[in-house]
Amino acid sequence: MRTQVAIVGAGPAGLLLAHLLDRAGVESVIVETRSRVYVEARIRAGILERSTVDLLREVGLGERLDREGDQHRGIHLHWPGERHHLDFVDLVGRGVTVYGQTEVTKDLGRARDAAGQQVVYEVADTALHDLDTEHPFVTYTTDGRSERLDAEVVVGCDGSFGPSRAAVPNPVTWERTYPYSWLGILADVAPSTDELIYAWHPDGFALHSMRSATVSRLYLQVPHSTDVADWSDDRIWSALDARLGLDGWTLRPGPVTEKSVLPMRSFVQQPMRHGRLFLAGDAAHIVPPTGAKGLNLAVADVALLAPALAALLRHKDSGPADAYSDVALRRVWRCTHFSWWMTTMLHATGDQFDAQLQRSQLQWVASSTAGATGLAENYAGLPIGF
Ligand SMILES: Cc1cc2nc3c(=O)[nH]c(=O)nc-3n(C[C@H](O)[C@H](O)[C@H](O)COP(=O)(O)OP(=O)(O)OC[C@H]3O[C@@H](n4cnc5c(N)ncnc54)[C@H](O)[C@@H]3O)c2cc1C
């Protein structure tokens, strides 16, 4: 098979890149290890920044998002005995939209079908070749057959465990592994809050989020290597109640439909390009989910990369492609810092000095317009290309 851009990975980065390239008149083929059903049901992020929503609308993907997405003006910051609402719309003129990554992925899959473009699901043995030539190619097996996909450019959108990242020789990498994980649940119960609650508590962080009017998403800070089997539904709801509790407010428990443990880490690899290979999304960087940035960063990367590849392949203008890594990394580091800042402000470390500093910082953010505005500007998102 031959195409202009071979994309490895059909997560949000790969699917959106294919959609943007198609609109720019550039052909692509995606190869993906998982099945379409699996990819579209994978529960992950759920908060879309304004720039992500604007882009999805601009490229014809806003219809269901506008109908079903839930507009939030801000978040609640909580610590024992106190809860404060930060109104991002008042502070920085924009809020966020709650719309699950599963829904974004389904919308992208349908757009790909409508354009009659190809995603080869359930491949194995993906390997990248000749990346420092103008004729790179990807090999894989499907239904027991070996296949070769020739291209002019390969884009690694294959997340943190795919092969693309390792195909960049001698990268510079930065990594921070935080000494805790999140235990996340999905529950078939109406959210007990209008907007997300981020809670600091001496027992550990808790987050009350939601996916719809009838489905809640909640998280608890837990030690690394936590076994979900040790957390019965009753234990989870009682820990959430202790950490999120407030006089006059009730947490509604409900049937838990999914439970998983997510280790918290930050990772950045530089450069996001080697020859005719470009990296986008989690293939190049990971953020802890406290700042709700992972999905938005993947979108911002491909929003920069698609026009750069169109300029390279259609007009032989290599300028934007040459600048891609540096421009994308500016935003990556801003989001990496914000995600680290939210994480370290909200997670218990067991150290009493840390706890005092965290409480002081939370007080400041909740009571000072300057403090609240910094959080609001970063959380609601900076423009793509910032
Ligand atoms: C468990 C989990 C929970 C998360 N929760 C949140 C959250 O609550 N909030 C938040 O903001 N962010 C969250 N994130 C982060 C967010 O979901 C990611 O940042 C986002 O999915 C990045 O999109 P992507 O397309 O770059 O990568 P991915 O979504 O990881 O997509 C990569 C794709 O590449 C495919 N692939 C991998 N290897 C190969 C191969 N060898 N060949 C072909 N295809 C391959 C994978 O199957 C996958 O479909 C979470 C991430 C994880 C892992």
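**The helix pair α1 and α8**

Modeller: Helices α1 and α8 cross with right-handed geometry. This is a predicted model, and each value here is computed from it. Two packed helices are described by the angle between their axes and the distance between the axes. For α1 (residues 12-23) and α8 (residues 294-315), the angle is about 30°. Their axes lie 9 Å apart.

Now the residues. On the α1 side, the contact is made by P12, A13, L16, L17, L20 and L21. On the α8 side, they meet L295, A298, V299, D301, V302, L305, A306, L309 and A310. Sorted by type, the contact has 14 nonpolar residues, no polar ones and one charged. D301 is in the list for α8, and by class Asp counts as charged.

The pair also takes part in the ligand shell. Helix α1 supplies at least two residues of that shell, and so does α8. In total, 32 residues surround the ligand. The closest are G9, G11, G159, G281 and G294. The shell has another make-up: 16 nonpolar, ten polar and six charged residues.

Next, the strands. Strand β13 (residues 172-187) pairs with β17 (residues 256-270) through 13 bridges. The two run antiparallel.

The peptide bond from Q270 to P271 is cis, with omega near 0°. P271 sits in the loop between β17 and β18 (273-274). A second detail is in strand β9 (residues 124-129), which holds D125. Phi of D125 is near 55°, a positive value in a residue other than glycine.

Last, the whole protein. Its secondary structure comes to eleven helices and 20 strands. The radius of gyration is 21 Å, close to the 21 Å that the globule rule gives for 386 residues, so the protein is as compact as a globular protein of that length. Along the principal axes, the C-alpha atoms fill a box of roughly 65 × 45 × 40 Å.

Notes. Residues numbered from 1 in each chain as written. Predicted model: local features only at pLDDT ≥ 70, side-chain atom pairs only at ≥ 80, totals over all residues. Pairing = 2+ DSSP bridges. Helix = DSSP H or I, 4+ residues; strand = E, 2+ residues; numbered from the N terminus. Axes fitted to C-alpha atoms, helices over the stretch in contact; angles between N-to-C directions. Left-handed = near helix turned anticlockwise from the far one by under 90°. Contact = placed C-beta atoms within 7 Å. Near = placed C-beta within 6 Å. Rg over C-alpha atoms; globule rule 2.2 N^0.38 Å.
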